[in-house]
Amino acid sequence: MSLNHIRPWRDIYRRKSRQIMVGNVPVGGDAPIAVQTMTNTLTTDVAGTVAQVQAAAEAGADIVRVSVPDEASSKALKEIVRESPVPIVADIHFHYRRGIEAAEAGAACLRINPGNIGDEKRVKEVIKAARDHNCSIRIGVNAGSLEKHLLEKYAEPCPEAMVESGLEHIRILEDNDFHNFKISVKASDVFLSAAAYQGIAEATDAPIHLGITEAGGLVSGTIKSAIGLGNLLWMGIGDTIRVSLSADPVEEVKVGFEILKSLGLRHRGVNIISCPSCARQGFDVIKTVEALEYRLEHIKTPMSLSIIGCVVNGPGEALMTDVGFTGGGAGSGMVYLAGKASHKMSNDKMIDHIVEEVEKKAAELDAAAEAAE
């Protein structure tokens, strides 16, 4: 699908995949790429888990995954699903019965790992439960838990082994006339993940869930995920994404959206374009951007804001944004609206004023969108 006919060098042609439903969220086909995260609370702590799900949803998560390691978690899942504002994916490892229980509890999707879910007979029981309860399945291949026969065949985790693992599990689902599934082939190694995803993208039309597993902390994991997921998305591969960080799940959602926004694949909230600051800056750019990021978190309307310290690039960047501020001299700068210089504003009042202008513009855009419906 071409995303920008005026600037063809920005076009991304998404891989054609069939569409499935994860609860009320369409995945694949021409649906928007869904952003996913996972809770890190004890699932048996229903209140804590629901609070984390709600925070992730408020940050923009379309789908949230919850671990179901034991029977007590299966029982808690039913209440979590009932209170969740978004579809819940049940993360299942080792115990196939947890998958059956999760489907019965109302999970929208079951994530099962071919490397540890058990033999084909057990997988068939999980498939039956998923079908009986209108539940989708994600085949979650992971380089760290490949089946023994594949490790013996290939000697180590490699793209070919990961693709073969995924295709073996796809065969089981399709042999049982179950097609409501998506697939992931994750690794912590960016090169291994990228090669495996390219291989599976060529071998099936199933929707693909992207992720660089165990990517690391907030900074290192963000960089690794941006490189791995960004390149795959640029190639048109990917229907849902999860950024796996050793950080708050809300941070995973924020990073996921920023990756999609940078490629023009999803638009949500204020996209702030700002300079790194230098000796030419007319105000403290870094502190200003930090304050604005916090003050504008509540804005969900897609729009752009430029915050540039001086007139070298400021006016040019402001031409392309909804609201802009460029540093000048004598303790004030220029406010730009819809790409045009509008009025001067003192630096000590600029943050409050910019927030007001952004909120005003967001309201205008929302009204225009409603009128167009």
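Predicted model: local features only at pLDDT ≥ 70, side-chain atom pairs only at ≥ 80, totals over all residues.
Begin by selecting helix α8, residues 218–234, together with helix α9, residues 249–262, which pack at an angle of about 35 degrees with their axes 10 Å apart. Viewed as a pair, α8 passes α9 in a right-handed crossing. To display the contact itself, show L218, T222, S225, A226, G230 and L233 on α8, and E251, V255, I259 and L260 on α9; sorted by class, this contact has six nonpolar, three polar and one charged residues.

E258 is partly exposed, with a relative accessible area of 41%, whereas K261 is buried at 13%.

Next, select R15 and D239, which form a salt bridge of 3.7 Å, N to O. R15 lies in the segment before β1 (20–22) and D239 in the loop between α8 and β10 (240–242), so this pair ties together parts that are 224 residues apart in sequence. R15 counts as buried at 13% relative accessibility, and D239 is buried as well, with a relative accessible area of 1%.

Finish on helix α12, residues 350–372, where E357 and K360 are three residues apart and their side chains meet in a salt bridge of 3.9 Å, N to O. Here E357 is buried at 9% relative accessible area, while K360 is partly exposed at 48%. The structure holds 19 salt bridges.

Conventions:
Residues numbered from 1 in each chain as written. Heavy atoms only, no water. Axes fitted to C-alpha atoms, helices over the stretch in contact; angles between N-to-C directions. Helix = DSSP H or I, 4+ residues; strand = E, 2+ residues; numbered from the N terminus. Left-handed = near helix turned anticlockwise from the far one by under 90°. Contact = heavy atoms within 4.5 Å. Nonpolar A, V, L, I, M, F, W, Y, C, P; charged D, E, K, R; others polar. Salt bridge = Lys/Arg side-chain N within 4 Å of Asp/Glu carboxyl O. Buried < 20%, exposed > 50% of the residue type's maximum accessible area, 1.4 Å probe, protein only.
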